[in-house]
Amino acid sequence: MIAVQDRKLALWNIGVAYVAFLIGTLGGLLQVFIRNDALQLPAWLDYYQILTAHGVLLALIFTTFFIFGFFITGMSKSLGSFGPKVRLFSWVGFWVTLLGTVMATAMIIAGEASVLYTFYAPLKASGFYYVGLALFIIGTWISSFALVGHYRVWRKNNKGQLSPLFAFMTITTIIMWIIACLGVVATVVFQYIPWAFGWTDTIDVELSRTLFWFFGHPLVYFWLLPAYMAWYVIVPKILGVKVFSDSLARLSFVLFILFSIPVGFHHQLTEPGISNFWKFLQVVLTFMVIVPSLMTAFSMFATFEIAGRKNGGKGLFGWFTKLPWKDIRFTSIFIAMAFFIPGGAGGIINASFQLNEVVHNTLWIVGHFHITVGTPVAMTFMGLTFWLIPYLTGRKFTKSMKVLGLVQIITWSIGMVLMSTAQHLLGLLGAPRRTAYSGYNDHPSAMDWFDGLLTNHVTMAIGGSILFVSAMILIYIVVMTMFLSPKAVEPKDMVDFPMAESDMSRTPKWLENWWIWIGLAVLLILIAYAIPLSHMIQHAPPGSEGFKTW
Amino acid sequence: MSQESREPEPNLKGTLVSVFIVGLIIVVMWVAVYLLYVAR
């Protein structure tokens, strides 16, 4: 069991994450009904306001607070209790992040920031919204540096040794996050804030979008890497085996530092201000991310096969039936991984230059991020929640909670299959994203899109409703395990942090030489961004005034 | 030269086939959208 003070820190982070989850999923429910023309909002509430809240609260706030809760617990467990300075800075980071969250959320609720989660200029929110975003990022940096400080103390006391896998992966994720945030901080501080407060009249739209996506794509990996940490470090322990390969796990993580950042242009493939060469280069670099992703897939299947064979599984796939399907900690994460197969494949399609033409700005993209961050990441976090909160609170994870957990995971899966399949198919037909209900002036082509059994707003709404029910079950489990479930007194009732053993005896030391990876990452970023960014600044078009379309 | 004692290699045939299936799903989805792109 980790120190009480560290547990409190982690629990506060997870608590805030689930408050954001509650409001964010409610926003999702309202959206599917509005798009189905089954719900009319009151005059003071706007579709785009709800859409912004849904995106920001789930994709940014829920994920980030949960990730820090997970990191804090794992770092305290694998490297030992935090020192007073680490603890202090972790709290400062938490409060600054929370202050930013509250400011940004208040502006969305006040109707001053319906600029959607990507906050593309020239849509202009209140300046305080951008200040909130900046504080949010700065807060995460403070929390990150606190964890780096904890790691450095451990390294000093354990000279020449590789750090435990969990700590290594945490530091990898943090390095990537800090580099990635430079883009969004630059655009928010130097472009959006002066513009939103009226200190400058116009904004360079293309530059702001480019700096946003410098951050926006690695943000995806900031969600995904903690989920991968659970897959690499937690799952083998649940299955009763060691980490498949310590070197492979570490190598795949450092490759993410290299290849998750210099790739933002694949989100901007339809934009005129960037020449095809630079777009193509970044598409190639994007495809490099497939390498560590498939290394992870291989490693997971190998872990399953070794565990299944250990339990008596025979033949080519006999091991599959020998996995602990009744263990909700495993089943949840397994389903999360399964969703990532079409999710990852969809990502390759999105990034494939011409194929991007087919799916760009369509509902396909919405379907895509619901089966990447919305399920593989979110459901992995759900699977972690089932034991992480009881571990931190010292409460039991009772039988009824286990049954509810299973119901929650199954309903989430069913809801997501319905909603996301409908979104993918509608997107392929041409249905746009980011729009409220539209009758398309009864145009026959548009009407045809929504005629199928799956390509239907009703299917999407049913899926969304099931997802909301699932989310509420999860909130119930969170409240119970945080405050109400009986305390675990007997050792058999104590919930443990399942952290697998990882054989580091053959792991090369250079994998933990951060300067190699940071140096290579900077080099790749310079190659991919230096020239196109300098062109963008030197040949900047006239800036745009702000627009408030809501 | 010292002979390192190694544990027997685990049987990972199922893993090999599984990753091929993942690869196949990627290729099938990609080709499907590519054909849609060409058809338009």
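A residue counts as buried here if 20 or more other C-beta atoms lie within 10 Å of its own. Keep that in mind for both chains. And one caution before we start: this is a predicted model.

Take chain B first. By that cut-off, 12% of its 40 residues are buried. Now chain A. Of its 550 residues, 53% count as buried.

How confident is the prediction? The model scores ipTM 0.91 and pTM 0.96. For chain B, the mean pLDDT is 88. In that chain, 85% of residues reach 70 or more.

On to the fold of chain A. How many helices and strands does chain A have? There are 18 helices and 0 strands. The C-alpha trace spans about 65 × 50 × 45 Å along its principal axes. Look at the contacts too. Take pairs in chain A at least 6 apart in sequence: 85% of those contacts join residues at least 24 apart.

One helix of chain A deserves a check. Helix H1 covers residues 4-35, which is 32 residues. At 1.5 Å a residue, H1 of chain A should span 46 Å. Its end C-alpha atoms are 46 Å apart, so the two agree. After H1(A) comes A:Asp37, with a positive phi near 60°.

Back to chain B. Its secondary structure is 1 helix and 0 strands. That helix, H1 of chain B, runs over residues 13-39, and B:Val22 sits in it.

Next, the interface. Which residues make it up, by number and class? Chain A gives 22 residues to the contact and chain B gives 18. On the chain B side, 13 are nonpolar, 4 are polar and 1 is charged.

Let me zoom in on B:Val22. What does B:Val22 touch, leaving aside its neighbours within four places in sequence? The contacts are A:Ala297 and A:Ile341. Is B:Val22 buried, exposed or partly exposed? It has 18 C-beta neighbours inside 10 Å. Buried needs 20 or more, and exposed means 12 or fewer. So B:Val22 counts as partly exposed.

Last, a distance along chain B. B:Val22 and B:Leu36 are 14 residues apart along the chain. Their C-alpha atoms are separated by 22 Å.

That's it from me. Questions, please.

Definitions and conventions
Residues numbered from 1 in each chain as written. Chains lettered and ligands numbered in written order. Predicted model: local features only at pLDDT ≥ 70, side-chain atom pairs only at ≥ 80, totals over all residues. Helix = DSSP H or I, 4+ residues; strand = E, 2+ residues; numbered from the N terminus. Contact = placed C-beta atoms within 7 Å. pLDDT = per-residue confidence, 0-100. Expected span 1.5 Å × (residues − 1). Nonpolar A, V, L, I, M, F, W, Y, C, P; charged D, E, K, R; others polar.
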